[in-house]
Amino acid sequence: MKFYRIHSPRNYDFAHFGRLGTWEPKQSLGVCAECGMTTQKRVPPLIIEWEPGADLIGDFVWTGIDFELVCKNEIAKELDKRFNGFKISPIDMFQEPNIKIPKNPKRSKNKRIYLPYEGPELSELWIDSWIPLDEEKSELNTEKVCSSCGFRFYTPKKTGLVLDKSGNTMYDFFRVPQFPAAIYCNEKVKSFI
């Protein structure tokens, strides 16, 4: 099966956001002291804060990095009819109290989305499906293993990754444990989008 990484086109003509949470367990220190990897797991709902730079909402909305997949709610519903491997999850928004809406936001040089939010309803596609890579066939090299938390760091490859056939490869959207932040999809999703 061919599969593809879903990632931001890095088009900053469109609004983008910073990710604020939600994280579990809340009482955790957050990161491993040795390797810096998180000891928490992000759980729904996604809390975002709009970044300055643009005020146009695209069909898909991105953070500066590709950890989350956010889109207009109408698109999320259409994807949900056709594909699996995710749940539609709500979005909460936060804005620093000192950020004030300009008198004429459309003419402002400092473009951004302001709260109260008046744009299209947004949802997160919460990717809850995992398919491991076949590490041998993918020719993954272990860069290091953290002696404190056990997280394995791999040297990434852009092509030639192979899914482990013993796992469930029937997901349309999924993540892989070896690169847990990345989001992947199959050819059906790629063609549809």
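Residues are numbered from 1 along each chain as its sequence is written, and side-chain values use heavy atoms, with hydrogens and water left out. Because the model is predicted, local features need pLDDT of at least 70 and side-chain atom pairs count only at pLDDT 80 or more, while totals for chains, interfaces and linings use all residues.

Now to the charged side chains. How many salt bridges are there? The count comes to eight, a salt bridge being a side-chain nitrogen of Lys or Arg within 4 Å of a carboxyl oxygen of Asp or Glu. Here are three of them:

| Salt bridge | N to O distance |
|---|---|
| Glu 68 and Arg 19 | 3.1 Å |
| Lys 72 and Asp 59 | 3.4 Å |
| Glu 78 and Lys 81 | 3.5 Å |

Let us start with Glu 68 and Arg 19, whose closest N and O atoms are 3.1 Å apart. Glu 68 sits in the loop between strand 4 (60-63) and strand 5 (70-72), and Arg 19 in strand 2 (residues 16-24), so this pair ties together parts that are 49 residues apart in sequence. Helices (H or I, at least four residues) and strands (E, at least two) are DSSP runs, numbered from the N terminus. Glu 68 is buried, with a relative accessible area of 2%, whereas Arg 19 is partly exposed at 30%.

Next come Lys 72 and Asp 59, which meet in a salt bridge of 3.4 Å. Lys 72 belongs to strand 5 and Asp 59 to the loop between strand 3 (41-50) and strand 4, so the pair ties together parts that are 13 residues apart in sequence. Lys 72 is buried at 16%, and Asp 59 is partly exposed at 43%.

Glu 78 and Lys 81 both lie in helix 1 (residues 73-82), three residues apart, about one turn of the helix. Glu 78 is partly exposed, with a relative accessible area of 27%, and Lys 81 is exposed, with 67%. Elsewhere, salt bridges that share partners join Arg 19, Arg 42, Glu 68 and Glu 124 into one network.

Technical notes:
Buried < 20%, exposed > 50% of the residue type's maximum accessible area, 1.4 Å probe, protein only.
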